Number of protein chains: 2
Amino acid sequence: MKKIWFVTGNANKFRELSVIASKYDVTFEMAPLKGIEPQADSLEFIASFCAEEASKTLGEPLVVEDSGLFIDALKGFPGVYSSYVYKTIGCEGILKLMKDVSNRRAFFKAVVAYWSPELPEVKLFTGICQGRISDSIRGSQGFGFDPIFIPESREETFAQMSREEKSLYSHRYLAFSSFLHWLCDYNRKL
Amino acid sequence: MKKIWFVTGNANKFRELSVIASKYDVTFEMAPLKGIEPQADSLEFIASFCAEEASKTLGEPLVVEDSGLFIDALKGFPGVYSSYVYKTIGCEGILKLMKDVSNRRAFFKAVVAYWSPELPEVKLFTGICQGRISDSIRGSQGFGFDPIFIPESREETFAQMSREEKSLYSHRYLAFSSFLHWLCDYNRKL
C-alpha cells in the first residue's frame, strides 16, 4: 500500500480525506509542516508552491490541498484568503456583507497538488462545488464556511450534512477523487 | 546622495514616500519587482521576507513597505490582507461590516524593512496611526481605505486631506521617518 504525506495542519481536512481514501489502496499520513504560503490570486499557484517547498523537507510523495469560497457578488471574496477571513469576520461577517444582495451564487474550489520524486513537475487536480450563500447560519457539522454554503440542488447547508453526505458534493472530495483516480491509473501503468 | 531601491508596484506609495524623502539627503528609486509575498499574521514577517527575497535580485540597499488597516471590532480584519480586501469588497464592504457596530476603533500600521549588504540582518521600522472608521465614504484623495479612516483628534478622513496634511499622521510617514532618521544617524557614524 502506497503511503503519501498530506501536508496540512488542519485535522478537519485530514478527516475528510480519510473518508475518500478508504476506497483506494492508499494511506495518507498527516505532515503538519509549517512553510511559507504565498499571497497569490490563485489556489493553483499556492498549492504548487507549497508542494514544491514541502518536497525539500520530506523528499517523499506528498499532497498539499488549498481551497476557498468564492462569492460572485463579492468579486470572489473571500477566495484564496478564506481561512483568514473565517478567523476574523467569520460566517456572520459574510452574511452581513451579503445582506440585501440578491445574487447569492458562490462556489467552493479545492486544488490538490501532488509532488513525487519520479514526476517532472507538480500535478494539479481541481474540484469545484457550485452553490449559494444561505440567509442564516445553519448546522454544526463540518468546519469553516460550511454553515452558510448550500450546494446546488440541495436546501441544506454543508454543516447540516454528515461527513459522508457532504463528500458527495464537496469540492475537496472531487479534487481528491480525481487525484486518487489518476494515481491508481498511473500506478497500474508502471 | 545615497540611492535606495523602494521595492513596490504601487505608484501611490512611491509618491507618498517622495514627500517624506524630500527632507533627507536620500533618493529613492522604484523597483517594481514581482516576488513571492508570504501569507502571514504579521506585517513584520512579510516585509522582512520580501526584503530578503528582493536582495537576491538587486544586491543593493533597498526598502520594502507593507501596511494594513486593523479594525478592533473585526478582530484585526482586514489587517495584512488589506489590499486584497480593498480590491474585492472595498470601502463599501467594510462599512457594511461595521454597520450598527459602536466600537469603531481602528489603526493603520506600516512596517518598513531595510536591507543593505553591510548589515547583518534586515532592519524594521514601524509606524502606527490610531483612529476610527467613519460612517460613510468621504473624500477622494489618497488611496485604499483612506476614505473611511479618520485619524485620532481629527474629523476628516485621510481622503479629505492633502498628501502633505495626511503625512502629518500617516503610519507610512511615521515608519519611513523613523527609518530615515536612523539611516542619517547610521551614515554619520560611519
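The dialogue below moves from confidence to fold, then to local features and the contact between chains.

Q: What confidence scores does the model carry?
A: Where pLDDT is low, the predicted coordinates should not be read in detail. Chain A has an average pLDDT of 92, and 99% of its residues score at least 70. The model has an ipTM of 0.76 and a pTM of 0.84.

Q: How many helices and strands does chain A have, and in what pattern along the sequence?
A: Chain A comprises 6 helices and 8 strands. Along the sequence they follow the pattern β-α-β-β-α-β-β-α-α-β-β-β-α-α. The radius of gyration of chain A is 17 Å, close to the 16 Å given by the globule rule for 190 residues, so chain A is as compact as a globular protein of that length. Along the principal axes, its C-alpha atoms fill a box of roughly 55 × 30 × 25 Å.

Q: What share of the residues of chain A count as buried, and what share of its contacts join residues 24 or more positions apart?
A: Of the 190 residues in chain A, 43% count as buried. Among contacts with a separation of 6 or more, 60% are between residues 24 or more positions apart.

Q: How are strand pairings read, and in which sense do β6(A) and β7(A) run?
A: In a regular strand the side chains alternate between the two faces of the sheet. Pairing is then described by direction and by the residues that stand opposite one another. β6(A) and β7(A) run antiparallel and are joined by 10 bridges; in this pairing Ala113(A) stands opposite Leu124(A). β7(A) also pairs in the antiparallel sense with β8(A), residues 149-151, over 3 bridges, where Gly131(A) stands opposite Pro151(A).

Q: Which peptide bonds are cis, and which residues other than glycine have a positive phi?
A: Most residues other than glycine have a negative phi, and most peptide bonds are trans. In chain A, the bond from Phe77(A) to Pro78(A) is cis, with omega near -5 degrees, and Pro78(A) is found in strand β5. In chain B, the bond from Phe77(B) to Pro78(B) is cis, with omega near 0 degrees, and Pro78(B) is found in strand β5 of that chain.

As for phi, Lys75(A) has a positive value near 55 degrees and is found in the loop between β4 and β5 of chain A. Lys75(A) is partly exposed, because 13 other C-beta atoms lie within 10 Å. Asp100(B) also has a positive phi, of about 65 degrees, and its place is in the loop between α4 and β6 of chain B. Asp100(B) counts as exposed because it has 5 C-beta neighbours inside 10 Å.

Q: How many residues are in contact between the two chains, and which elements of chain B take part?
A: A contact between chains is read by its extent, its elements and its composition. Here 15 residues of chain B are in contact with 15 residues of chain A. On the side of chain B that touches chain A, β3, α3 and α4 of chain B each supply at least two residues. The residues of that side divide into 8 nonpolar, 4 polar and 3 charged. β3(A), residues 37-39, pairs with β3(B) in the antiparallel sense over 3 bridges, and the bridge partner of Pro38(A) is Pro38(B).

Terms used:
Residues numbered from 1 in each chain as written. Chains lettered and ligands numbered in written order. Predicted model: local features only at pLDDT ≥ 70, side-chain atom pairs only at ≥ 80, totals over all residues. Contact = placed C-beta atoms within 7 Å. Helix = DSSP H or I, 4+ residues; strand = E, 2+ residues; numbered from the N terminus. Nonpolar A, V, L, I, M, F, W, Y, C, P; charged D, E, K, R; others polar. Pairing = 2+ DSSP bridges. pLDDT = per-residue confidence, 0-100. Rg over C-alpha atoms; globule rule 2.2 N^0.38 Å. Buried ≥ 20, exposed ≤ 12 C-beta atoms within 10 Å, placed from the backbone.
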